[in-house]
Amino acid sequence: MADASFPLPVVHNPGAGGGLWPEARLRAQLDAQGLAAAPLIHAKDPDLGPRLAAAAAGRRPEAVPVLVAGGDGTVARLLRALPDRRMPVAILATGSANNIARSFGLHLPDPDERNGERVDLAARVLGGIACPWHAGRVHPGGPEAGAPRLFFESVGFGAIAAAMDSGGKDLHGLPKILAGRAALAEALTAGRPQRCRLTLGDRIVALRSLLVEVPCLPWSGPRLLIAPGLSPGGRQICAVTLPARHLAAARAWLADPEMPVHALSPLTAPHIVLDGLTGPVRVDDAQLTEDAAGRPFAFDRDPDPFRILTDPDI
């Protein structure tokens, strides 16, 4: 149980989601729910880690919840800076896609205040269940090529990586999501399938695919449910592929992502090695390299979990 007698460390990205959650709105939300907040820490503060460590000094990490208000990139930035993974993290999802919050089934805030709907932050912070989340790990060059890099949504090859630099960068909310889906549909249509090889434990799968996406969450990209059976708290990793023969079905799904997706082919295993691809590689929202150049990429889940606070009624 979180300790309610101390100020709540709050990490805030006021620009997330187009700036609909400025400091004044966030403070009003905290005050209305009886949450005594410490001074807000900007998500891009270079001293984010040390400031969080100072807030937890002399206290049990399990009793020091951190509230993060922002989108998926903000949540990832906080988790990378977290001084102790035993500290529970409560998410107020104020971005556009909010894939991390969706993957944990969290209630999302109303984007514009018009209907008065509110997230019960007090219940989430003080009474939520701390669910483990094993983030993804990618080893560029293979498992023997040095330290892995953490990822919190997915690593993308092919069309999804290519679509990242398309339009929509200045958009927010639903317009940004729709622009991202349209860019992906265009990249899929323009792309050519590549040969690659997936090693899943003792199983080797050779295939041709328009994309390969390796998520550690069910939701990824422009608010797309690409791996519905994948558990954030599980230890399986997943490789999602798209054969060219399923292009028309994939485009229909991107136009209406509420429809069931049968175009994507997810493959799961505790460890996956992917090789044979060329072209851009994306780790979450950042491009890792200009060209995969046929290098092997090894994937698994980090054994040391983060702890995400879920709503008590989930």
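What volume does the second largest cavity have? The second largest cavity has a volume of about 40 Å³. The structure is a predicted model, in which local features need pLDDT of at least 70 and side-chain atom pairs count only at pLDDT 80 or more, while totals for chains, interfaces and linings use all residues. Residues are numbered from 1 along each chain as its sequence is written, and side-chain values use heavy atoms, with hydrogens and water left out.

Two cavities of 30 Å³ or more are present. A cavity is here a set of points, on a 1 Å grid over the protein atoms alone, where a 1.4 Å probe fits but cannot get out, and lining residues have an atom within 4 Å of a point. Grid points are joined across faces, edges and corners, and the volume is the space filled by probe spheres set on the points. The largest cavity has a volume of about 80 Å³. It is lined by 13 residues, of which Ile 160, Leu 184, Leu 211, Trp 253 and Leu 264 are the closest to its centre. Two or more lining residues come from each of α7 (173-190), β11 and α8 (247-255), with helices (H or I, at least four residues) and strands (E, at least two) taken as DSSP runs numbered from the N terminus. The largest share, three residues, is given by α8. The lining comprises twelve nonpolar residues, no polar residue and one charged residue; Ala, Val, Leu, Ile, Met, Phe, Trp, Tyr, Cys and Pro count as nonpolar, Asp, Glu, Lys and Arg as charged, and the others, Gly among them, as polar.

The lining of the second largest cavity divides into five nonpolar, three polar and two charged residues. Among the residues that line this cavity are Ile 160, Leu 184, Glu 213 and Arg 282.

Glu 213 and Arg 282 also form a salt bridge, with the closest N and O atoms 2.7 Å apart.

The structure holds eleven salt bridges, each defined as a side-chain nitrogen of Lys or Arg within 4 Å of a carboxyl oxygen of Asp or Glu. Arg 86 and Asp 84 meet in one at 2.8 Å, N to O, and Arg 86 is partly exposed at a relative accessible area of 39%. Arg 60, Glu 62, Asp 84 and Arg 86 are linked in a network of salt bridges. Asp 304 pairs with Arg 85, the closest N and O atoms being 3.9 Å apart. This pair links distant parts of the chain, 219 residues apart: Asp 304 is in the loop between β19 (297-301) and β20 (306-310), and Arg 85 in the loop between α3 (72-81) and β4 (89-93).

Zero disulfides are present, a disulfide being a pair of cysteine sulfur atoms within 2.5 Å. For Cys 131, the nearest cysteine sulfur is that of Cys 216, 15 Å away; Cys 131 is partly exposed, with a relative accessible area of 23%. For Cys 196, the nearest cysteine sulfur is that of Cys 238, 13 Å away. Cys 196 counts as buried at 6% relative accessibility.

Methods: Buried < 20%, exposed > 50% of the residue type's maximum accessible area, 1.4 Å probe, protein only. 1 Å grid on protein atoms, 1.4 Å probe; cavity = no way out; pocket = protein on both sides within 12 Å on 5 of 7 lines; lining within 4 Å.
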